[in-house]
Amino acid sequence: MRVALRADAGVRQGTGHVMRCLTLGGELLRRGHDVRLVTAPIDVEWLQAAIRESGIRVEPAVAHRIDAASHRRIGADWTVVDSYLIPPEEIDLLAADGNVLMVVDGDVRGVRAHLYLDQNLGADRHPWPDIARDRQLLGAQYALIRRSVVEARRPRPWNWPEREAPRLVVMLGGSDPRGLTGLVAAELARIDHDLRVTVVVPPGAREAVARRLGADPRFSLIETTPRLVDHLAAADLVVSAAGTTAWEICTLGLPAVLLAVVDNQRESLARASELGLCVGADVTERDDLGGLAESVRSLIADEPLRRRLSERCLEHFDGEGRDASPRRWSGTSTLDDMMLAVLQARCSSTRLPGKVLAPVLDRPMILRQLERIERAARIDGLVVVTSVDPSDDPLVEVLDGEGIPTRRGSLADVYSRFAGVVDEFGPEHIVRLTADCPLTDPEVIDLVAQRHLESGADYTSNALIRTFPHGLDVECVSADAFRRLGALGLGPREREHVTLGLYARPEMFRIEHVVREPDLSGLRWTVDYRSDLEFVRRVYAELHPSDPAFGTRDILALLESRPELVHTADDIGD
């Protein structure tokens with residue numbers, strides 16, 4: 001499924017909208033979806049780096065606007081909008097044309113979306129309008145927390161050895177539009193205690209903050225970075241704005257003083273204080289930070305207080321919101337109802353070892369096949385399943401480098417690999433493909449998938465009654481049938497050949513066949529032998545440079561004009 005994330009960021013606007021989208025987008029990528037960040041040019045260097053590191057493709061936009069025609073060309077199944085400034089009527093037009101999830105902070109602005117996500121504490125107490133009724137994902141259970149934050153949790157975050165100076169991190173948001181960082185740092189400098197304070201300074205503010213602090217050796221200044229979680233993970237205490245990052249701090253269980261610095265942070269800060277998650281202060285209408293130093297002194301001196309805050313934070317923030325939000329999406333193309341393509345791959349082929357990594361126009365063969373699979377309109381997600389055998393380590397390294405979701409399992413028990421993916425991703429149907437078919441045609445994938453959905457079959461294939469060229473094989477299986485198959489006590493051969501148990505039991509499973517005319521089953525487009533690989537390389541060399549999306553019709557036209565290229569089973573060689 002293709003998901004567009006529409007958000008903007010900048011020094012004046014802040015960075016929280018885009019950061020929330022990157023967190024959600026990262027989880028969607030992990031699940032095998034096609035994710036696009038639609039955003040205007042961003043003037044914050046660290047955020048530019050974070051976007052690059054995310055692996056999410058960027059589509060250009062005009063700041064705080066949605067052009068429906070341009071957005072339609074992206075072809076998104078869902079659009080996530082995280083903005084206070086895009087006109088509501090433009091979002092309404094988008095929602096009339098497709099599924100929209102609106103990320104809000106208490107105010108839906110009259111937008112008629114399909115779903116509303118408000119991750120703030122107290123969101124469930126908000127008086128929601130009728131247009132949002134029964135369409136809300138509310139509260140900390142949906143907080144968009146980066147996976148790296150959850151992995152950085154440590155036991156007993158409220159405790160540090162008494163011999164060490166407590167480590168304090170100060171951060172007032174990715175851009176600190178009110179310029180409070182220097183004021184906060186200067187207030188903390190009044191504390192007469194041995195501290196190690198890391199102040200995260202927004203772009204262009206280092207010199208101003210340094211002047212306020214003078215030569216105080218307890219303070220060090222760093223610029224905002226995509227790896228800020230590393231500094232938070234090493235901290236004992238935090239002073240932070242009560243924005244997006246505040247929920248990451250709570251997820252880490254760090255004792256904190258949270259400051260409401262803009263109006264939309266006031267309600268959630270009040271709720272966090274009420275729940276005993278932090279020491280809070282509302283500074284939305286003042287620059288006077290009196291009392292901040294005393295609050296930090298109290299946290300330093302009072303370990304029972306630190307422990308209460310930490311334990312309450314860990315109780316309320318499990319860090320799974322980035323996963324819970326996609327699971328709750330509903331509509332015509334949901335993550336839970338997705339059709340998941342599962343590409344089966346290994347390097348230990350007996351006839352042509354390492355063929356999946358063999359170069360085809362200077363790219364590994366499997367990446368060429370993945371380029372083609374991703375063009376299939378009926379595919380909602382994609383994952384490669386390979387083995388834990390060391391021979392597949394190079395394959396996983398290549399796929400990881402391309403950001404392709406990969407799962408590993410038993411070399412011989414291929415069924416268990418697929419079963420693990422079905423359990424993890426929860427699709428309603430899977431499309432089984434094998435990585436020896438670099439001429440896979442997305443139109444054929446869509447044809448078989450559509451027939452599978454329309455027929456209501458348990459198993460649909462174009463390979464049992466063979467009329468397509470060998471190498472365009474597609475199998476679709478309902479997840480329900482796949483699970484029922486696994487309960488039958490499969491033998492080794494059925495566990496190796498995944499779908500064999502389905503079509504070998506037509507009395508138990510409804511089978512649907514897809515055939516074509518004329519019959520092209522004599523053509524060999526798969527790769528088992530070196531001669532197969534050479535044929536594929538010739539086809540790519542002829543067609544790919546002028547049309548990377550070439551399909552079956554193009555290959556057939558090539559073979560008609562160049563009959564010496566035709567490759568059949570009779571041409572198989574070593």
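Contact here means heavy atoms within 4.5 Å, while axes are lines fitted to C-alpha atoms, for helices over the stretch in contact, with angles that run from 0 to 180 degrees between N-to-C directions. Helices (H or I, at least four residues) and strands (E, at least two) are DSSP runs, numbered from the N terminus. The model is predicted, so that local features need pLDDT of at least 70 and side-chain atom pairs count only at pLDDT 80 or more, whereas totals for chains, interfaces and linings use all residues. Residues are numbered from 1 along each chain as its sequence is written, and side-chain values use heavy atoms, with hydrogens and water left out.

**View 1. Helix α4 lies across strands β4 and β5.** Helix α4, made of residues 88–97, runs at about 145° to β5.

**View 2. An open sheet of seven strands has parallel pairing.** The strand order is β3-β2-β1-β4-β5-β6-β7. Because β3 (57–60) and β7 (136–138) stand at the edges with a single partner strand each, one side of each is left without a neighbour in the sheet. From one strand to the next, the twist averages 20°.

**View 3. Another open sheet of seven strands has mixed pairing.** Its order reads β18-β17-β14-β19-β21-β20-β22, and the edge strands, β18 (406–409) and β22 (511–513), each pair on one side only. Neighbouring strands of this sheet are turned by 25° against each other on average, direction ignored.

**View 4. Strand β19 pairs with β14 and with β21.** Strand β14 (residues 339–344) runs parallel to β19 (residues 429–434), and six bridges join them; here Leu343 stands opposite Leu433 in β19. With β21, strand β19 pairs in the antiparallel sense over four bridges, and Ile430 stands opposite Val477 in β21. Strand β19 is mostly covered, since five of its six residues are buried, a word that means under 20% relative accessible area, whereas exposed means over 50% and partly exposed lies in between (1.4 Å probe, protein chains only).

**View 5. Helix α9 is mostly covered.** Seven of the nine residues of α9 (residues 244–252) are buried, namely Ala246, Trp247, Glu248, Ile249, Cys250, Thr251 and Leu252. These buried residues pack against several elements, including α5 (147–151), β11 (237–241) and α12 (303–316). Just after α9, Gly253 takes a positive phi of about 75°.

**View 6. Leu464, Ile465, Tyr503 and Val515 make a nonpolar surface patch.** The patch covers about 310 Å²; patches are made of residues with over 30% relative accessible area and no salt bridge, with like charges joined within 9 Å and nonpolar side chains (Val, Leu, Ile, Met, Phe, Trp, Tyr) within 5 Å. A salt bridge is a side-chain nitrogen of Lys or Arg within 4 Å of a carboxyl oxygen of Asp or Glu, and accessible areas come from the Shrake-Rupley method with a 1.4 Å probe, where for residues only the protein chains shown count as cover. Ile465 is found in the loop between β20 (459–461) and β21 (475–478), and Ile465 is partly exposed, with a relative accessible area of 43%.

Technical notes: Two strands pair if DSSP finds at least two bridges between them.
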